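Please look through the structure shown below before reading my comments, and keep it open while you go through them.

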Amino acid sequence: MDQTWSKADIHIHTTYSDGTAGVEAVLEYVATRTDLRVIAITDHDTIEGALKARRLAPAYGIEVIVGEEVSTAEGHLLALFIERPLAPKQPAATTIAAVHAQSGLCIAAHVSHDWPLDAIEGFNASLWLPRANLAAAATGAVLGLPLIGGSDSHHPATIGLGYTLFPGHTAADLRYAIRTRVTRPGGASWRWMHNAEYIGLWLRARAARRCRCPLLKCRRSHFQSGFCRLRPSFLFRSVQTKLMLPHRRAGEEIAHRHRAGVRRAAERG
Ligand SMILES: [Zn+2]
Ligand SMILES: [Zn+2]
């Protein structure tokens, strides 16, 4: 195989979910402002934007992987190399099985029980605490899973901030690299400026959209779910995700169980 390494950003959102840039704007930015060879569009609970991006990508000289950030009962999972949308709100184990049934790869920043994940998101540029990424990377190391990185970009300025290095140039090379566990995550976290910029863009983009929430009749933002995304519970969940609190605990628990298992094996042997 060609031993040149390339960069992929495998976690990008568009206006098809809560991103603020349309598919064309994302492709334009990637082609003109980054050195990414491959990207994955991973909107929340839809693959429509990703399918459109894949259709348009050849004109921009980049390759697009169809992905989805699926909301499962136990948190978000990234599914890559899929062709059909995955139903949200299922148990994570069911979603992972559905991804594998379409020969896709399933990636998470956190692990629970014995999820048969294909990789760990060892670097997510949007998280607020560096230790959240360290915990994810440590979990991946303990479990012997390949580490990948992405920007979790919701507006163009953050595209490519987080990335995955892989030998080769194409999406197929990236897939092979994940399968053979030779990927490396890299990049820098969003700055506070990026967070502020995104919130501003997001408020502006959504202000024009009419609310479908029967109770609040507000003019606030929504996407697929049709629920008001400025509700306290949504904000609470968002902050929890950004801090990766439950995820970090899950990672520590797995590392602990792994160490206990090694200890028991040593005692037995
Ligand atoms: Zn999002
Ligand atoms: Zn995301």
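Predicted model: local features only at pLDDT ≥ 70, side-chain atom pairs only at ≥ 80, totals over all residues.

1. Helix α1, which covers residues 23–33, packs with helix α2, which covers residues 48–56, at an angle of about 50°, and their axes are 10 Å apart. Since angles from 65 to 115 degrees would count as roughly perpendicular and those under 35 as roughly parallel, α1 and α2 are therefore oblique to each other. Their crossing is right-handed.

2. On the side of α1, the contact is made by Val23, Glu24, Val26 and Leu27, while α2 brings Gly49, Lys52, Ala53 and Leu56 to the contact. Sorted by class, the residues in this contact are 5 nonpolar, 1 polar and 2 charged.

3. Strand β1 (residues 5–12) and strand β2 (residues 36–44) run parallel and are joined by 4 bridges. As one example of this pairing, Ile12 has Ile41 of β2 as its bridge partner. Strand β2 is mostly covered, with 8 of its 9 residues buried.

4. Apart from neighbours within four places in sequence, Ala57 is in contact with Leu27, Ile62, Glu63 and Val64. The C-alpha atoms of Ala57 and Val38 are separated by 9.8 Å, although these residues are 19 apart along the chain.

Notes:
Residues numbered from 1 in each chain as written. Chains lettered and ligands numbered in written order. Axes fitted to C-alpha atoms, helices over the stretch in contact; angles between N-to-C directions. Helix = DSSP H or I, 4+ residues; strand = E, 2+ residues; numbered from the N terminus. Parallel < 35°, antiparallel > 145°, perpendicular 65-115°, else oblique. Left-handed = near helix turned anticlockwise from the far one by under 90°. Contact = placed C-beta atoms within 7 Å. Nonpolar A, V, L, I, M, F, W, Y, C, P; charged D, E, K, R; others polar. Buried ≥ 20, exposed ≤ 12 C-beta atoms within 10 Å, placed from the backbone. Pairing = 2+ DSSP bridges.
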